[in-house]
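Here is a short report on one protein model.

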Amino acid sequence: MPVNFHIPDTRDIHPVKGVQIGIASAGIKKPGKKDITVFRFTPGTQVAGVFTTNRFCAAPVQICKKRLAVRQNIEALLINTGNANAGTGEQGYQDALTTSAALAQALAIHDDQVLPFSTGVILEPLPVDKILPAIPQAVSHLADNEWFNAAHSIMTTDTVPKIASKQLQLGGQTVTITGISKGAGMIRPNMATMLGFMATDAAIEAEVLQKITTEIANKSFNRITVDGDTSTNDSFIIAATGQSGVAPAVDSEDFKTLYAALTDIAKELAQKIIRDAEGATKFITVQIEQAKTSEEALKIAYAIAHSPLVKTAFFASDPNLGRILAAIGYAGVTDLDTSQLELYLGDVLVAKDGGRNPAYREEQGQAVMNEAEILVRVVLHRGAITETVYTCDFSHDYVSINADYRS
């Protein structure tokens with residue numbers, strides 16, 4: 001079961017002016033499953049993206065990066081689940097071109113105005129023969145508020161749809177932000193960590209949008225990890241249609257408010273991935289405080305968040321907190337003075353002065369470990385930097401889900 005997971009009421013999911021979504025079933029992996037999703041943007045929409053750093057990046061990722069680099073008039077997205085089209089060589093690349101060209105033809109736009117996305121099993125050919133007939137069906141179903149259904153259609157091992165939406169007032173006008181994401185395993189930052197699609201009807205210039213999309217990814221999707229595996233297909237997109245008529249100047253308070261709202265939606269979508277991580281029973285926040293640099297803070301945070309020994313202890317609700325100290329010690333901060341740091345589990349001071357806090361009692365740690373949401377704080381006393389990473393425990397179900405993934 002997802003950990004403290006909130007699915008918004010459909011009445012609280014707001015359509016974004018200038019965005020239409022259509023869904024269809026190609027039967028890529030399971031007959032009848034809705035596995036094709038089309039986004040259509042009004043002309044003039046600005047689109048920015050951040051993508052995986054995996055060297056075996058999927059064919060759709062390669063195409064998206066090229067198209068975003070040379071054009072700013074993207075008008076459509078094509079998303080399929082059930083097949084990653086990764087590790088498929090030149091044929092996979094041509095297949096992605098073929099499917100995106102089919103959508104372009106159906107929408108009467110240019111081929112390079114379409115961004116393709118795939119998610120699913122790696123190293124298997126894309127079933128183009130199944131996808132092509134489904135594209136016109138998805139186009140025929142384009143509608144203004146299909147976000148909730150789209151959140152379902154992009155799911156793979158997810159157990160619940162991940163969606164967030166909000167409206168805010170800027171300059172006396174209403175601006176809408178809505179987004180969806182998918183991901184439950186093979187989650188580790190090093191761009192984003194899954195598929196994520198957000199849109200706003202505010203107007204944002206192309207260069208500014210790309211800049212803030214990267215920044216927002218680094219504050220949200222680049223701060224979550226399930227298992228330390230960076231996928232071949234990770235993609236995060238923000239589209240700004242401009243259809244609200246609101247175009248705040250970059251140095252204005254309205255823009256700061258918009259930026260904060262976009263960041264909040266991205267963080268919510270990212271954290272929902274952890275709450276619905278494969279087999280997760282605990283949502284864990286790892287916060288490193290008073291670090292000298294962001295780099296060293298993240299090294300320590302991810303050492304803790306990736307440790308199978310730490311994660312299995314959390315699953316067992318076992319306050320075996322020496323595992324956390326060990327992870328801090330091997331994180332790679334070579335000049336770390338361990339006698340200066342403090343380790344907290346929730347509000348409980350566990351370790352200080354290089355060892356166990358004399359006042360710490362195991363029943364205190366046990367009480368925290370029994371909770372579904374746990375905060376791990378490490379205070380380094382080296383500087384003023386704070387970094388936070390979100391992760392989960394490792395359960396028996398994680399192994400079972402991934403052992404059975406292709407069956």
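## Cavities

By class, seven nonpolar and four polar residues line the largest cavity, and no charged ones do. Ala, Val, Leu, Ile, Met, Phe, Trp, Tyr, Cys and Pro count as nonpolar; Asp, Glu, Lys and Arg count as charged; the others, Gly among them, count as polar. The model is predicted, so local features need pLDDT of at least 70 and side-chain atom pairs count only at pLDDT 80 or more, while totals for chains, interfaces and linings use all residues. Residues are numbered from 1 along each chain as its sequence is written, and side-chain values use heavy atoms, with hydrogens and water left out.

The structure holds two cavities of 30 Å³ or more. A cavity is a set of points, on a 1 Å grid over the protein atoms alone, where a 1.4 Å probe fits but cannot get out; lining residues have an atom within 4 Å of a point. Grid points are joined across faces, edges and corners, and a volume is the space filled by probe spheres set on the points. The largest cavity holds about 50 Å³ of space. Its lining residues include P60, L78, N80, F117 and I131. β4 (76–83), α2 (89–107) and β5 (114–121) each give at least two lining residues. The largest share, three residues, comes from β5. Helices (H or I, at least four residues) and strands (E, at least two) are DSSP runs, numbered from the N terminus.

The second largest cavity has a volume of about 30 Å³. Among the residues lining the second largest cavity are V310, F314, D318, R323 and M369. Two or more residues of this lining come from each of α8 (308–315) and α9 (322–329). Here α8 gives the largest share, three residues. The lining divides into six nonpolar, one polar and two charged residues.

## The five-stranded sheet

Five strands form an open sheet in the order β3-β9-β8-β7-β6, with mixed pairing. β3 (46–51) and β6 stand at the edges with a single partner strand each, so one side of each has no neighbour in the sheet. Two strands pair if DSSP finds at least two bridges between them. β8 (195–200) and β9 (235–240) run parallel, joined by six bridges. G196 stands opposite F236 in β9.

Helix α1 (59–70) packs on this sheet and touches β3 and β9; its direction makes about 135° with that of β3. Helix α5 (206–219) also packs there, touching β3 and β9, at about 35° to the direction of β3. Contact means heavy atoms within 4.5 Å. Axes are lines fitted to C-alpha atoms, for helices over the stretch in contact, and angles run from 0 to 180 degrees between N-to-C directions.

L170 is found in strand β6 (162–170). Is L170 buried or exposed? L170 counts as buried because its relative accessibility is 1%. Buried means under 20% relative accessible area (1.4 Å probe, protein chains only).

Leaving aside neighbours within four places in sequence, L170 contacts V175, V246, D254, T257 and L258. L170 and K182 are 12 residues apart in sequence and 30 Å apart in space, C-alpha to C-alpha.

## The six-stranded sheet

A further open sheet has six strands in the order β13-β12-β11-β14-β10-β15, with mixed pairing. Its edge strands, β13 (355–356) and β15 (385–392), each pair on one side only. Helix α7 (294–306) packs on this sheet, touching β10 (283–291), β14 (373–379) and β15; its direction makes about 20° with that of β15.

Note on methods
1 Å grid on protein atoms, 1.4 Å probe; cavity = no way out; pocket = protein on both sides within 12 Å on 5 of 7 lines; lining within 4 Å. Buried < 20%, exposed > 50% of the residue type's maximum accessible area, 1.4 Å probe, protein only.
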